Amino acid sequence: MRKWLCGWVLVFAAIANAADDGQWKLVFEDRFQRAELGPDWVEAKNVSIVNGRLFLKGRVDATLSRGYPADVKVEFVAEADPEQPPCDLAVTLANSFLLAFGGGNNTFNQITGAGVTVRDNNPPFPIEHGKKYKIVAVKEGPMLLLYCNDQKLLEAKLADPLGGPEFDKVSLTTWNGMYVDDVKVFERTTPAPGGPVLLPAMPALGFTWKDRQLSYGGPAKLGPNVAEGIRLYKDRKYKEAFDALAAVSPPTMESVAALAYVVADLAFLEKPAQQAEVATLAAEVAAKAPEDTKAKDFALAAKWFADFNMYKRDHRATRRLIGCGPQNNPFFYKARLFENRFNYAHAIEGAHREGMQAAINEFTELKKIWPEHQALREWTGEKIPWGQELIRPESDGPAWARHLQESLARQQAVLRWWFSERQLPDGQLGGGWGDDVEILRGWVPIACITTAAEPVIAGIERLAAGVWDKVLKDGYDAFPGDVEHSAEPSCDSIPTMIVLRYGDPLWVERNLRSAKTVREKFMAVNERGFLQFMSRDFGTDAVKRGLGNGGDSGYHARATKHFIYLGWYGIPDGRDAFLQWCDTWRDATMRKIGPKPAGFPPSTLWFPSGDMTPPDGKPWYDEQRNSYGFPGLPVMIHESFITAYLLSGDRKYLDPVQTMMDLATVGPLHKGDPTLPPDHPENLMAQLAHMASNDVLSPYRLLTGERVYDEYILRFATPTQRYMVGYDLADYSKTFERTANSLRNNWTQLTSEILQTDRAGLTGSAEVFGAYTGAVCSFRDSKTPTISVTYDTPDLNFASVVTETTTQRLRVMLYNFNDKPMRVGLKPWRLVPGVYVLNAGQAVPGEYDVQKRYTWTGSTKVEHLHRGTPIWVEVPSHKEWVIDLRLRKAIERPAALPDLAVASRDIQVKDGKVVVRVHNIGGVAAGTFDVVAEAKNGKEWTELARTKVDGLPAIKAFEPSAREVVLNVASTKLTAARIRLDPNNKVDELCKLNNTATLK
């Protein structure tokens, strides 16, 4: 310790004797000639002093413990960690702005942060191992500047230069590690022009707020509306108070200040537009009195108040307003509420329990003032019921049906709130596009169950359309990020629209555009002759190639989702691209390569070699070379093989899964030995034991009918997967009851209090989805599409459990809670085309507990040709009603079919004629067909015009097939009109539901 103190005496002496650098004064210097970090640095994991240099290991910040003024300059000498690919020799200033040399795995330089992004994708030089770099980062007035080795790399001008408390820290930042020496920090001797506007305290405006009572003691005489607004506020009639104060014209300082107290009261559930109105009125008052500093300061605070809401995580605004203190500050408590919402969201994202508890403690303090505030009560542990009317009495039906239907109704209520109350006009839900799309993984399953979910389906469609318009470029994220994240915007939103809007040409063709980009820009044939992804990091604008950008991995299965759903729909281009990628991984998985046994997927396949060994010769199991660790994500590879089997019927894709299971089930259980290399057989066998995933084996069982792996499904099975093995409805029903119970309380925690939308999951959505549809896994990433049936119903008042599903048999038990029969359309997705025997009847007790008997009402024959086309049945009121479909005679149809399609958006009236864009979204060319315009006359349709089309080619190379057709019909005859394709059914198609569209 004595040596450490001696070193610092010399450092401070050097600083005291340092000359000013023009406007800059040296205020801190560190040369790390000691063993301990010391008090000037914030203690942090993976930050230490090694051989006289500061060492930052991996992704970490080294932060100076004291704060600095808004104008600050940082210098240091950096060297990339020689053990890792170079990435980010960087500085973070004002807790907000990253100035990075060698960002993006050494592919660009950037300045980014609160309100600014400047990036150079063609840097003058990259980071090289073994070289030292002098980095200088400057924040001066509104400017940020980054230098390296005395060369200016970037500059950026800030619209909002930050400074003062909460925005005064300096950090050295890296992504993959760096050594640091000779750190110097300078401050300006006088503030630079154009710096941040600081407001240390709120101006006194004559109002006093105490115990939720507002009084006025200022010199001005209050107008009647202002006085009435204050009275209404005291009576806690917030809406009326808002209306009275907002109506004051022209606005006065007193009317706007009183309005601020109303809108910022925690009991007033404000809308962003109301916050903005306070800011607008405050600015109007300030503009009329430009010399009034109080009005000017209040207008600035009101602007900050308008800058935070549930759509934005603007810590800048909340921290500034909190920093002004509670005195004379109408915004103080609402800023605290939002700041702690932000803090809790950040803490939960990082699983930081102390941060979560600190936020809850703050909520507790606020609840002392607003004890009736529902969200604060929920945040602090109270359980507040909602939707009591959704709980059905025991007399209303069997337990399985009551709890299942209640779960669906509650989930739908939550989703409808999001799309009616939180969704913005452009489709966003408030968490940013990247987070918004993630919630679709749990929401789409609930949306697709029944047509009665149309408000939710329409909301999801608006979100997907917004992503397409605002985020994607040629169908994929433009920014070349890592595949885990760059694939999310398109793959979480666009492919499943093929399910939700089955047959709609728009969503098929948008997936074609996405798939084309993925196939042609991100993939190539390797030296082994197989198709693979070239890198981990890509976007429409670039594919990053280099050691730090990795290769093909299990996570790349996410980017193949466009292929999967095009293939599932029946388009060979999508199927074939996916199968070619799976062939690459099948080859690598089934080959024995050194210690790697057949059946064990590599963590990474490098391009162009197609090898699993990194280009720099590091071991194939090296954690840093494998972008997603070792053994990577083998389950996603195995899921892809099962999906490949679904799309192709080729059992070769089952080989890797079966081979893996041969090894994974060897006993006794291998637990691994950390003293041995990761690729020692003992450790590889231990890893294989984890690959026997229920999410792989359950769809394997569904598709093959084999029960040999049931015991491994049951180890970690979801309730639906467990039910599909044992068909124990009583046990399954307990799942529905738990789901319903978990959704009965704390509405705001499901809706209005959710800030990060990727956390807006739906409890039990997988189980409700599985019960109604028979699906054993979700729509996420490369998981196999396994839905067996969905429903066309007039409302949500029904429950359904799939009790048998094969390609030749479907049995469903339904319960109708309405007091009259319900017409239900069963929409099969797995049944082969054919003539089916349909039986329907009530389930009644049998002579043994393990069986039921059925009051079959008589068999009928139905023809099923087109997947997803409803088979209509009538379900009586309040009876357990069983529908059974069994194949009587298969109808042979080609493996690939055309699919003519038209939508209302495809119809336009031009120059008195109807112009129709018709599509072929099937797998082969369509022959000659007619296009007809019809008008409704009473209950009949009258033909207005007809034209013949000589066919449409098949989709090729992911390019849509469509053409415009003109119908000569007067626009005056188009009231209640529709367009029909192929009305005489001359073309055998995938789907006939998309052959008719109405004029809008």
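In this structure, ring pairs join Tyr476, Phe522, Phe533, Phe538, Phe578, Trp581 and Trp585 into a cluster. The model is a predicted one, and it holds 54 aromatic pairs. A pair of aromatic rings is described by the distance of the centres and the angle of the planes.

**The pair Phe308 and Phe338**

- The ring centres of Phe308 and Phe338 are 5.0 Å apart and the ring planes stand at 55 degrees, so this pair is tilted.
- Because Phe308 lies in the loop between helix 7 (293-306) and helix 8 (315-323), while Phe338 belongs to helix 9 (residues 332-349), the pair ties together parts that are 30 residues apart in sequence.
- Both Phe308 and Phe338 are buried.

**The pair Tyr772 and Phe798**

- For Tyr772 and Phe798, the ring centres are 5.4 Å apart and the planes are at 75 degrees, so the pair counts as edge-to-face.
- Tyr772 is found in helix 30 (residues 765-773) and Phe798 in strand 27 (residues 798-805), so the pair ties together parts that are 26 residues apart in sequence.
- Tyr772 counts as buried because its relative accessibility is 0%, and Phe798, with a relative accessible area of 1%, is buried as well.

**Charges over rings**

- The charged end of Arg119 sits over the ring of Phe108, at 4.6 Å from the centre of that ring.
- Arg811 lies over the face of Tyr854, where the distance to the ring centre is 5.2 Å.

Technical notes. Residues numbered from 1 in each chain as written. Predicted model: local features only at pLDDT ≥ 70, side-chain atom pairs only at ≥ 80, totals over all residues. Heavy atoms only, no water. Phe/Tyr/Trp six-rings, centres within 6.5 Å; stacked < 30°, edge-to-face > 60°. Helix = DSSP H or I, 4+ residues; strand = E, 2+ residues; numbered from the N terminus. Buried < 20%, exposed > 50% of the residue type's maximum accessible area, 1.4 Å probe, protein only. Lys NZ or Arg CZ within 6 Å of the ring centre and 35° of its normal.
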